[in-house]
Amino acid sequence: MDAKTIDEIIEKYKNPSGMVLGILEEIQNINKYLSKDALIYVSKKINVPFSQLYSVATFYSFFNLNPVGEHIISVCTGTACHVKGAAEILKSLEYLLGITKEESTEDSKFFLTTHDGCFSLNAARCFGCCSMAPVIKVDDKMYGYVTIQNLPKILKEYGWSKK
Amino acid sequence: MKITSLEDLENIARKGLKKLNPDNKVRISVGFATCGISVGGDDVFKTFKEKIYERKLNNLELCKTGCIGFCGEEPLVNIKMPGKSIVVLHRVTPNDVDDILQKIENETYEFHKAFFKIDDWDHVTSKIHYGDGYENIPKWNEIKFFKPTKRVVLRNSGIINPEDIDEYIAVGGYRSLYKVIKSMTPDEIIEEVKKSGLRGRGGAGFPTGLKWEFAKKEQSDVKYVICNADEGDPGAYMNRNEMESDPHMIIEGMIIGAYATGATEGIIYIRAEYPLAVERFKKAINDAKKYGLLGEKILGSNFNFDIIVTEGAGAFVCGEETALIASVEGEIGRPRLKPPYPAQKGLWGKPTNINNVETWSNVPVIIAKGGDWFSKLGTQKSPGTKVFSLVGKVKNVGLVEVELGTTIDRIVNYIGNDGVNNGKIKAVQTGGPSGGCIPENLFNTPIDYEHLAAVGSIMGSGGIVVMDDDTCMVDTAKYFLDFSIDESCGKCVSCREGLKHMHDILDDITKGKATFEDIDTLKELAQTVKVTSLCGLGKTASNPVLTTLKYFYKEYEEHVKHKRCFARVCKDLIRYVIAKDECTGCTICAKRCPVNAINGEKGKPHIISQNVCVKCGICYDVCKFNSVKKLSEAIGGEK
Ligand SMILES: Cc1cc2nc3c(=O)[nH]c(=O)nc-3n(C[C@H](O)[C@H](O)[C@H](O)COP(=O)(O)O)c2cc1C
Ligand code: SF4
Ligand code: SF4
Ligand code: SF4
Ligand code: FES
């Protein structure tokens, strides 16, 4: 991400309230993850120590410090979804995508990316769609009443094919 | 245009009413909250748009509305013909659109997906007669789902267009703001809120008027008000719906609160998982500013107040007020010790008043109808209504707003299950990870702060998750601990280490590896963590464990003594087998098994190799003939 874009984002946050999270979120929304360079740049620009930005980025589950796949699949593991079988959905997706939990990233967040870089899989805490449990989100699209049977169909919308 | 007089407001109200209840146009509104969108509401909207264009229907208005609360019946579409009642259609798909438009063109109105009609609606800050007609369609309040409800917070949800400030003004919006600015002193406002008896809806139930008084008393050049829209409780989503369906009621409440406490800046702290609510708030704030209801010289007075939206980043603990403040300041969200309370030393060290979304939503009503009116709703100690999200193993999932003091039974069985499913429900979980599991034999408990506390649970933000016999209570306790451990900020040893230890014991129980002594240790730990943790997260994290131990001890016993999980949930205590006589040999299960544990020839019964199977349950789910069985037999121990 170039310095100009970051400058423009920083420019939007004149009010100190919410500035740090706001800037990091906007960068991630464009870039999908927070690179070390971006963090260093922001740190200098807004005069907040790098160590603080780094601890913020690792504390909040929203932030990714590593590059992610082309499509991000988030499985809700909130209570309503748990009661309706979210664990089986997650397990199924791990198998369908050929990735397992052991490979999770260094900052210990559950975030797996397929070897071809097409998909990242993670667990989320409630999208507020609990009435449609179980729920998964692919990129910005929410899918309600998900079943193990219709997972392949959803994945195919994003170019997945069974190996 | 800036509004400065009552006349200006009335003019806009007339304009708004023409959109909301047009007398010369058809209005179609599609439920466009996240719940509706995720089951195809957006496709329905898009299809309407295309077809209306194709058919050149000029005399037809298409708009978005929020969610009326009956999420299980989404997508919902409201049809409003001039002079006639609003007809609400349910489970609408893009395929229905042509037919609906045809009927409208032919003026036959025999909508086959008609669900109920609305002739009169009490917006609380006003009443509107929408129209008459449609003898064969039931009235909205004849539907069991709505009958016991009382809509105060959800007064406009699902009816008005949340993206149109004129419609909010049309139903009496911003009149309370006008009233306080033109004719009330801050003390009078606080007096009115105190009189109402309103208690915070974010969980702890602290009297709102008192909190405002504390903030007002403080002397400072700058003061803040914050709307806590973090809604981290999994399974609770009422705040999301309130924000998406009626953002102006929250904004109006905040402006009134700011005026009463002397605040100059407002912050809405909202979780990043709610992008649509963020978008709607931003628009609403802009629109309010254009009308001079927010910003400088509000309604022509000397009162200045602005609101900004700040997004959270996925940390449950940030719902706790001191952690929330740290988060707004750009730090990691760690709670700190109180006092000092936020009212004394809050955001950037200044006096700060924090209230929940729903607390703010009640404020305009209290001003409009008076504290006395409000205090007569609900019970004496817990006045008013509360919105609950009813989810899990229940037929009618959705949002129900009832007066406090309504029994669990009324909500779950009457509203939620409508008579079906009866007897199958085992428990409800209220209050999320800080709450407890309440067994069916206590369903006559009235829901309010005190009664729920008496049975070991809390109201929390209002999530009610219904559980049936397929839910294992030990697993449920473990699930919530998992959640709390993940979300703990790690500051206190008791919360950080204690919960982990409790989790290990529960894990052993679910694996059939624990003893009764372990259960005693678990109980002791739970009590210790409860009293020694700093913030509400650690203080309440034991509740799911303690309540399940208290009400569902038998299940713990089954796991420990007989190594059996009644609900057949705990992986280590179940087996998948194929019933030889019932298997058709269709091979589907073998194809889908991720570890090739299933063998068999096409057309012949299949068999599962137990030592290979990882118990993922996929075969159980994919077998169309129910030939795969999930068993949990007693292993060891006496029967
Ligand atoms: C761990 C934790 C999470 C919380 N989450 C929320 C939340 O999501 N929304 C909320 O309004 N209050 C939440 N609270 C309560 C707030 O700290 C605070 O009491 C509340 O926002 C005050 O508003 P009220 O008086 O209107 O209820 C939480 C508290 C704790 C301890
Ligand atoms: S109780 Fe837990 S979440 Fe709360 S401050 Fe202590 S460690 Fe953090
Ligand atoms: S899916 Fe069911 S019927 Fe088909 S082979 Fe497997 S067990 Fe038999
Ligand atoms: S439970 Fe999973 S691993 Fe076991 S046989 Fe069935 S599909 Fe295979
Ligand atoms: S619990 Fe899954 S969306 Fe809320």
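A residue counts as buried when its relative accessible area is under 20%, as exposed when over 50%, and as partly exposed in between. Thr510(B), with a relative accessible area of 4%, is therefore buried. Keep in mind as you read that this is a predicted model.

**Around Thr510(B)**

Let us stay with this threonine for a moment. Thr510(B) belongs to helix α17 of chain B, which covers residues 493-510. Its side chain makes a polar contact of 3.5 Å with the side chain of Lys478(B). Lys478(B) is also one of the residues that Thr510(B) touches beyond its neighbours within four places in sequence; the others are Val474(B), Asp475(B), His559(B), Cys570(B), Asp572(B) and Leu573(B).

**Where the chains meet**

Now to the interface. Here 41 residues of chain A are in contact with 62 residues of chain B. Between them the two chains bury about 4,100 Å², and carbon and sulfur atoms give 59% of that area. Phe59(A), Thr79(A) and Arg125(A) supply 16% of what chain A buries against chain B, more than any other three residues.

In polar terms, 22 residue pairs are in polar contact across the interface. On the side of chain A that touches chain B, helices α2 (19-31), α4 (50-59), α5 (79-83) and α6 (86-97) each supply at least two residues. That side is made up of 20 nonpolar, 15 polar and six charged residues.

Which residues of chain B does Ile148(A) touch? They are Arg592(B), Ile618(B) and Asp621(B), while within chain A, leaving aside neighbours within four places in sequence, Ile148(A) meets Glu88(A), Ile89(A) and Ser92(A). Ile148(A) sits in the loop between β5 (141-143) and α7 (151-156) of chain A, and is buried at a relative accessible area of 5%. Leu93(A) is 55 residues away from Ile148(A) in sequence, yet their C-alpha atoms are 8.6 Å apart.

**Salt bridges**

Over all chains the count comes to 44 salt bridges, and three salt bridges are found between chain A and chain B. Here are some of the pairs, with the N to O distance for each.

| Pair | Distance |
|---|---|
| Asp486(B) and Arg125(A) | 3.0 Å |
| Asp99(B) and Lys103(B) | 3.3 Å |
| Arg271(B) and Glu273(B) | 3.4 Å |

The pair of Asp486(B) and Arg125(A) crosses between chains, running from helix α16 (residues 473-487) of chain B to the loop between β3 (119-124) and β4 (136-138) of chain A. Asp486(B) is exposed at 56% relative accessibility, whereas Arg125(A) is buried at 18%.

Asp99(B) and Lys103(B) are four residues apart in helix α3 (residues 97-106) of chain B, so about one helical turn separates them. Asp99(B) is partly exposed at 29%, and Lys103(B) is buried at 19%. Arg271(B) is buried too, with a relative accessible area of 5%. Elsewhere, salt bridges with shared partners link Lys15(B), Lys19(B), Asp164(B) and Asp166(B) into one network.

**Nonpolar cores**

The largest nonpolar core has 126 residues, and Ile169(B) is among the members that touch the most others, along with Ile118(B), Tyr174(B), Leu177(B), Ile189(B), Ile270(B) and Leu293(B). Helix α9 (residues 247-261) of chain B gives this core its largest share, nine residues. Not counting residues up to four places away in sequence, the contacts of Ile169(B) include Ile3(B), Leu9(B), Ile12(B) and Tyr291(B). Another core lies apart from this one; it has 37 residues, among them Ile136(A), Ile154(A), Cys583(B) and Cys589(B).

Methods
Residues numbered from 1 in each chain as written. Chains lettered and ligands numbered in written order. Predicted model: local features only at pLDDT ≥ 70, side-chain atom pairs only at ≥ 80, totals over all residues. Heavy atoms only, no water. Contact = heavy atoms within 4.5 Å. Buried area = accessible area lost by both parts, 1.4 Å probe. Salt bridge = Lys/Arg side-chain N within 4 Å of Asp/Glu carboxyl O. Polar contact = N/O pair within 3.5 Å; in protein donor to acceptor, adjacent residues only side chain to side chain. Nonpolar A, V, L, I, M, F, W, Y, C, P; charged D, E, K, R; others polar. Core = buried A, V, L, I, M, F, W, Y, C linked by side-chain atoms within 4.5 Å. Buried < 20%, exposed > 50% of the residue type's maximum accessible area, 1.4 Å probe, protein only.
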